[in-house]
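Me: I would like to go through this structure with you and ask, for each description of it, what the description rests on. Please set each value against its criterion before you conclude anything.

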Amino acid sequence: MRISRFNIPGLVTILVLLAGWEILVRSGAAKFDYLPAPSGILLASVSLIVSGELFSQALHTVESILIGWTAAAAIGIGLGLALGLSPLLRRWSLASFEVLRPLPAIAFLPLALLLFNFSLTTELVLMIYASVWPVFINTMGGVMGVTSRLYDVSRTLRLSRMQTLVKVIVPAAAPAIVTGCRLSMGLTLVMAIVAEMIANPHGLGYAVISELQAMQPQRMFAYVIFIGMLSIALNAGLLWVSRHILRSHRWAHADHA
Amino acid sequence: MELSRGFRRILDSVALDVFRGEFLTIVGGSGTGKTSLLRLLGGLTPASAGDIRFRGRPVNGPPEGVVVVFQDYSRALLQWRTVAANVALGLEGRLGTAALKERVARALEMVGLQHCAGDQPWQLSGGMQQRVQIARALALQPDVLMMDEPFGALDAMTKATMQDELLRVHERTGTSFVFITHDIEEAVYLGDRVVVLGGSPGRIHTTVSIGLPRPRDQIATRQSPEFLQHRLDIHAAVRESAGGDAHF
């Protein structure tokens, strides 16, 4: 049972930790040359918000995340459906995918840089490459897990192949597909930041690096915190959307005898 | 017709006619190929040899007018769809919205579920879920309804109610039924004819015509001497067909 909307003890702990950090830095007990106090980070954050710098950097990152994630989801769902439905395709191509999948996307960064230069394309290619896998694997697994009984039902009701796919198989696999999409959002964000730090001089990732090089630890910390907040916001948004999509799938969690 | 899987024979020279409007029940112990036979008749599995015809046309794939109802209702229903949407599944795209709604409502009314149209299947009891599956088949207004041990997972009281409901549907619609069960009493109570399937590979051991009057009654019919005699005969046939060792 929830009494308050706010987790008071949890908030208190966070505030105490922040106060402790502030005291350690101000009293000189923590001997880091460039460790800013929370108050300094807060002031830097306010100035970044007011000047509009934060907005323009965040806009780039959010845009590329949305493009990259949408593309990854589309490709992953397409591949997952195709391989999930066709044993023939699985037999011919799954081995190739299993070789590619464990290779860390980050290792391809120099290669992508070589091919696409310092550009949004490089950033997107890396994001999509990294985040396509969870969607693909989950979709394929979800489709393969659809019970044969549902295929019997589709056949005896004389549904067309298209109807079977759209009305039976995809909805039956929807929980797995949505899980894949949520997992890939996290990867998309990570790859966007990494790519912006190294391969595409725009966005929040690039901002962190340029503040580092400008010896502006307060502003650098502020950007790091914004990235964290963006991650939380994207996750929460996606959770809301997925609950909405799966609202009729509550039975998957219900205790049905 | 015959059916083999690899080197294993499942059904061996089975010849069977289903007549218009009749209620045909098929009994047999486990492993005698009851489900396989129903899948062949329903066009879900192709025969290895021989031929299956529906109204003179060879069956390759489920024919229009024949619908199969499965035992495992919770897996056969689309749990993410409402009861009404489940019933509508086979009709979507074939009827206009108004006609569809009307057909779904009629099918639900026939199984007594008109008040559950907006529920999700998982909110219903087992018996009610099985009714949804039956309504989904009835909505297609089939000529033949094939049922694979539809009440096998239900408790005795629910089962008796469902049997009477099914008989009422049979009377109202004139649909032919092919009903598989391992319950001899159920086979006699429901059927116009009872086919005894036995052996491995399965074959038809006997076919018994049941002359019991309709409408049938759970108490009066089951106590009548004819019912008891049929039960006895079929029990003996089942035991004989299994080589004196019936396990069901």
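Me: Which exposed residues does the face of H2(A) turned away from its buried side carry?

Reply: This is a predicted model, and in it that face of H2(A) carries Val46(A) and Val50(A).

Me: What makes residues of H2(A) count as buried, and which are they?

Reply: The criterion is 20 or more other C-beta atoms within 10 Å of the residue's own, and the residues of H2(A) that count as buried are Ile41(A), Ala44(A) and Leu48(A). They cover an arc of only 65 degrees around the axis, and therefore lie on the same side of H2(A). What covers these buried residues includes helix H3 (53-85) and helix H10 (217-245) of chain A.

Me: How do you know what span to expect of H2(A), and what follows the helix?

Reply: The expected span is 1.5 Å times one less than the number of residues. Helix H2 of chain A, residues 38-51, has 14 residues, and its reach of 20 Å from first C-alpha to last is close to the 20 Å expected. After H2(A) comes Gly52(A), which has a positive phi, near 85 degrees.

Me: What is the secondary structure of chain A as a whole, and how does its radius of gyration stand against the globule rule?

Reply: Chain A comes to 10 helices and 0 strands. Along the principal axes, the C-alpha atoms of chain A fill a box of roughly 75 × 55 × 30 Å, and 35% of the 257 residues count as buried.

Me: Where are the domains of chain B, and what makes up the contact between them?

Reply: Domain 1 of chain B takes in 1-65 + 144-248, and domain 2 takes in 72-141, with their C-alpha centres 25 Å apart. The contact takes 8 residues from domain 1 of chain B and 8 residues from domain 2 of chain B. On the side of domain 1 that touches domain 2, helix H6 (residues 156-173) of chain B gives the most, with 4 residues. The residues of that side of domain 1 of chain B divide into 6 nonpolar, 1 polar and 1 charged.

Note on methods. Residues are numbered from 1 along each chain as its sequence is written. Chains are lettered from A and ligands numbered from 1 in the order in which they are written. This is a predicted model: local features need pLDDT of at least 70, side-chain atom pairs count only at pLDDT 80 or more; totals for chains, interfaces and linings use all residues. Helices (H or I, at least four residues) and strands (E, at least two) are DSSP runs, numbered from the N terminus. A residue is buried if 20 or more other C-beta atoms lie within 10 Å of its own, exposed if 12 or fewer, and partly exposed in between; C-beta atoms are placed from the backbone. The arc is that of the directions from the helix axis to the C-beta atoms. Two residues are in contact if their C-beta atoms, placed from the backbone, lie within 7 Å. Domain bounds come from an automatic or database domain assignment. Ala, Val, Leu, Ile, Met, Phe, Trp, Tyr, Cys and Pro count as nonpolar, Asp, Glu, Lys and Arg as charged, and the others, Gly among them, as polar.
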